[in-house]
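Hi everyone, thanks for making time.

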Amino acid sequence: MKIIMLGAPGAGKGTQAKRIAAKYSIPHISTGDIFRANIKNNTELGQKAKTYMDKGELVPDELVVDLIMDRFKQPDAANGYVLDGFPRTIPQAEALDKALAANGESVDFAINVEVPDENIIKRMGGRRACVGCGATYHIEFNAPKVEGVCDTCGEKLILRDDDKPETVKNRLSVYHDQTQPLIEYYNKKNVLREVDGTMAMDDVFNAIVEILA
Ligand code: AP5
Ligand code: ZN
């Protein structure tokens, strides 16, 4: 099954993608996570990506498409995947379609997690990310057992650099300009499904499972 998670920054794509990946035994492929891992390891790709990410801008299509095509070659991607944060522009979506079509394949579901901008600002300010394993928490909605410490790996939790309020505003405007058009793109292909992302995390997950069933 090939699933795309659509939605604004902070809509809960990552939270849900991790659960879907676990339930259906397919990899969770997050371009944001891949870039953050590269930044942490100070690779050339990470250095390039960081200049865009820190401003809340998109990394150029070319870099992202190369990266994702490389990721698809790994054996765990052979039976499908859940894509989180890709595609994010029409050219990225077209590149994905072209790559899939070359093997006679296509996207099965594009799930749009709908959350209004007002809720987003609140969510991002409360998000904490693990420096060790990348797990995501929220100080109010999904708190770790011990404040500031990851339940899974015991590493420290931090506020992401791009979750500062000024950057979040820019990420939202970039989302509306460049990513929102994908909703219509996948609607035309009859694979778009909408989910109310303002519900509690478990309810959002159950709604998605119903769609995929
Ligand atoms: P990326 O990492 O993809 O960030 P994003 O799309 O902005 O998404 P987020 O990770 O911020 O949010 P999310 O929707 O996953 O929400 P989450 O589940 O964490 O990208 C970062 C940057 O990398 C981009 O700005 C860009 O520069 C670059 N990049 C990445 N991909 C790219 C691409 N394809 N092309 C170009 N550039 C690219 O949830 C958010 C918070 O809310 C958490 O604290 C969570 O616990 C909480 N929460 C989740 N669900 C709920 C709920 N139902 N109720 C209450 N709280 C909830
Ligand atoms: Zn961790």
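I'll go through the strands, the cores, the ligand shell and then a few single residues.

A quick word on conventions: residues count from 1 along each chain as its sequence is written, while chains are lettered from A and ligands numbered from 1 in the order they're written. This is a predicted model, so local features need pLDDT of at least 70 and side-chain atom pairs count only at pLDDT 80 or more, though totals for chains, interfaces and linings use all residues.

Let's start with strand β3, residues 81-84. When I say helix or strand, I mean DSSP runs, H or I of at least four residues for helices and E of at least two for strands, numbered from the N terminus. Two strands pair if DSSP finds at least two bridges between them. On that basis β3 runs parallel to β1, with four bridges, and Met5 has Asp84 as its bridge partner. Strand β2, residues 28-30, also runs parallel to β3, through three bridges, and there His28 sits opposite Val82.

Buried means 20 or more other C-beta atoms within 10 Å of a residue's own, exposed means 12 or fewer, and partly exposed is in between, with C-beta atoms placed from the backbone.

That brings us to the largest nonpolar core, which has 33 residues, with Ile3, Met5, Val82, Leu83, Ile111 and Val113 making the most contacts inside it. Its largest share, four residues, comes from β1, residues 2-6. A core here is a set of buried Ala, Val, Leu, Ile, Met, Phe, Trp, Tyr and Cys residues joined through C-beta atoms within 7 Å. There's also a second, separate core of five residues, including Cys130 and Tyr137.

Cys130 takes us to another sheet. It's an open one of three strands, ordered β6-β5-β7, with antiparallel pairing. β6 (136-138) and β7 (157-158) are at the edges with a single partner strand each, so one side of each has no neighbour in the sheet. Two bridges link β5, residues 127-130, to β7, and Cys130 stands opposite Leu157. In an unreviewed entry, UniProt lists residues 127-162 as "domain: Adenylate kinase active site lid". UniProt positions use the numbering here, feature names are shortened, and annotations may be inferred rather than shown by experiment. That span is 0% helix and 25% strand, and its end C-alpha atoms lie 11 Å apart.

Now ligand 1. Which residues come nearest? Of the 37 around it, those are Pro9, Gly12, Gly14, Gly32 and Gly85; a residue counts as near if its C-beta atom, placed from the backbone, lies within 6 Å. Elements giving two or more residues to the shell include α1 (13-24), β6 and α9 (201-212).

Finally, two residues that UniProt's unreviewed entry includes under "binding site": Gly12 and Thr15. Gly12 lies in the loop between β1 and α1 and is buried, with 25 other C-beta atoms within 10 Å. Thr15 is in helix α1, and it counts as buried because it has 23 C-beta neighbours inside 10 Å. Leaving aside neighbours within four places in sequence, Thr15 is in contact with Thr136 and Met201, contact meaning C-beta atoms, placed from the backbone, within 7 Å.

Conventions. Two residues are in contact if their C-beta atoms, placed from the backbone, lie within 7 Å.
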